[in-house]
Amino acid sequence: MNTHIQTVDVLVIGGGTAGPMAAVKAKEANPELRVLLLEKANVKRSGAISMGMDGLNNAVVPGFATPEQYVKEITTANDGIVNQKTVMAYARNSYDMIEELDRWGVKFEKDETGDFAMRKVHHMGTYVLPMPEGHDIKKVLYRRLKRARVEITNRLVATRLLTEKGGSIAGAMAFDCRTADFHVIRARTVVLATGAAGRLGLPASGYLFGTYENPTNAGDGYSMAYHAGAELSGIECFQINPLIKDYNGPACAYVTGPFGGYTTNNKGERFIECDYWSGQMMMEFYRELQGGDGPVFLKLDHLAEETISTIETILHTNERPSRGRFHEGRGTNYREQMVEMHISEIGLCSGHSASGVWVNEHAETTVPGLYAAGDLACVPHNYMLGAFVYGKLAGESAARYCAEHPLPEFDEAQVERERERVWAPLSREDGLPPSQVEYKLRRMVNDYLQPPKVTRKMEIGLQRFEAIRADLDRLSASNPHELMRAMEVHAIRDCAEMAARASLYRTESRWGLYHYRVDHPGRNDADWFVHVQLQKQNGAMTCFKRPIEPYIVKLDEQEKTAYQRLRINKEEKELCQQL
Amino acid sequence: MPTTLNIATVPVSVDEDKCIAHKGCTVCVDVCPLDVLAIDFVKGKAYMKFDECWYCMPCEKDCPTGAIHVDIPYLLR
């Protein structure tokens, strides 16, 4: 096993959605820069959109919504805990990004006049832009990377960031999951775009890789940012999604809603007004599952044949194309049966909720020279288009940083320590297999952290995660592939501890089911209208409050509580029918 | 520590008559996000080496000869 050292100007870690955009934009900003895109899998098919995407969930398109309206919608959907400047930076850049992707060859749905065919799914505004032919998006990105002459390395697993003495960024360290060679990449600046922590909870199926997120996204970036001293934010605002039971992929009410599909209980009745994913919506979903009216279903069987075939084509060829095979195996035909849904295991993902590495409106983290974008960066409800926009902002910011900063020195001792940590499982012959440790760790995450959150349970969870920390030193790997799994267990354990500590710190309930604390059931704006930040301070995982920046878009009283009123009021409905 | 070898059915199957790994093709191995496929160099065919599948299907879609089939993992079926 060898050690390789190389030097670049901009190192982008993660080649899924935000990463390629960051790399291209850094290179476009200054073609002289050496930009390296480092990917754990293969850039051609990596990340959350490996097979494509069927729509933009949060497109701010002129004529349908203004950036100000969007900022209001997300502020409300995220129960007020947002840095509006970051959401506004997304909203203002959203339309330019759609037009740029359109020029690059990404196919969006358009009407007969060539305008984008927008759909309403959110509670207040209209933000969904379908991509019925969104299966080529990775190919389009790959072409742009080649054209911009971005260097690419595949199958390198980044494990720690390099920092210089003053704490600013100096590069990263990684290993090759085919050869176990150790790589030191010195860089003037680093963009982290490693996606969600998608392998945190254990799916109810018990299959470690049957997750909602691409399971390659194991939370590596959360762990790397934490150990580099960056602030993380909103970790207690978990990602929990309403999914197809067992298959664990999205049922896609966003796709089917505009066609007339909707979510029902076992009586075939609607119970939520709006299918847009939020903690409040998940709470209603959870109540329905628990309350005797479950299971919950996606209902399409009332639709016309042509509509159902169109839905099938979209859902079975884009984001999760194996879905058709799953339904076939179960004998589920949308024409005759409803699709059984369930609630997912927990994860961390700002693309869907708000848990991530703290960034400002320029994608800067709190570590000088370190930028973050995509599912990993804390900009609530950012989804795929937000990953592209923040990828762009991160790439441009990184290029600017390079103009002002020389290549930092790096610490030999830091490299030595990390190489020892990474290679250790390979020389341990009599150790624990990574798959067993991962199974136990993630099962404990379910047992102790899955909402409703109970103080005593989370405290026990912390003790268990501490015990598993000791097991990390007993992990063994018989080959480089298994070594990748072993190092992922380290990251998953960090994420589990973060999830527990941030959740215990916020002693109120907020974001519906995402942070429903049984011992503190009410929302308490007097004490908790703040961000909860998490950071490594003197070696210890520490939580603290960060005040919310004054809003740049004011909300009126009715808007503030719009997402609290998602449940359909039966009496009111019956009264309306009688009238 | 004593260990055991558990048997598991895997979701990805390879039609060896169609697979052209012996001619140097590694497309399915290259595109897998989880790096669970490998080439058996004795047979010159691709196979699923690790049961860690997201049933995402790049291997099947990108295979030039249609040799790969992705099933839903048994535990989820």
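Let's start with a bit of packing: the buried residues of H9(A) sit against helix H8 (305-315) of chain A. Keep in mind as you look around that this is a predicted model.

Which residues of H9(A) are the buried ones? In this helix, which spans residues 323-330 of chain A, they are Arg323(A), Phe326(A) and His327(A). They cover an arc of only 95° around the axis, which means they lie on the same side of H9(A).

Five strands of chain A make up an open sheet with mixed pairing, and their order is E16-E14-E9-E17-E18. At the edges you'll find strand E16 (377-378) and strand E18 (540-547) of chain A; each has a single partner strand, so one side of each has no neighbour in the sheet.

Step inside to strand E9 (residues 232-233) of chain A, which runs antiparallel to strand E14 (residues 356-358) of chain A and is joined to that strand by two bridges. Here Leu232(A) stands opposite Val357(A) in E14(A).

Helix H14 (residues 480-505) of chain A lies across E9, strand E17 (530-537) and E18 of chain A, and runs at about 45° to E18(A).

Finally, how do the two chains meet? 20 residues of chain B are in contact with 26 residues of chain A. On the side of chain B that touches chain A there are 16 nonpolar and four charged residues, with no polar ones.

How values were computed: Residues are numbered from 1 along each chain as its sequence is written. Chains are lettered from A and ligands numbered from 1 in the order in which they are written. This is a predicted model: local features need pLDDT of at least 70, side-chain atom pairs count only at pLDDT 80 or more; totals for chains, interfaces and linings use all residues. A residue is buried if 20 or more other C-beta atoms lie within 10 Å of its own, exposed if 12 or fewer, and partly exposed in between; C-beta atoms are placed from the backbone. Helices (H or I, at least four residues) and strands (E, at least two) are DSSP runs, numbered from the N terminus. The arc is that of the directions from the helix axis to the C-beta atoms. Two residues are in contact if their C-beta atoms, placed from the backbone, lie within 7 Å. Two strands pair if DSSP finds at least two bridges between them. Axes are lines fitted to C-alpha atoms, for helices over the stretch in contact, and angles run from 0 to 180 degrees between N-to-C directions. Ala, Val, Leu, Ile, Met, Phe, Trp, Tyr, Cys and Pro count as nonpolar, Asp, Glu, Lys and Arg as charged, and the others, Gly among them, as polar.
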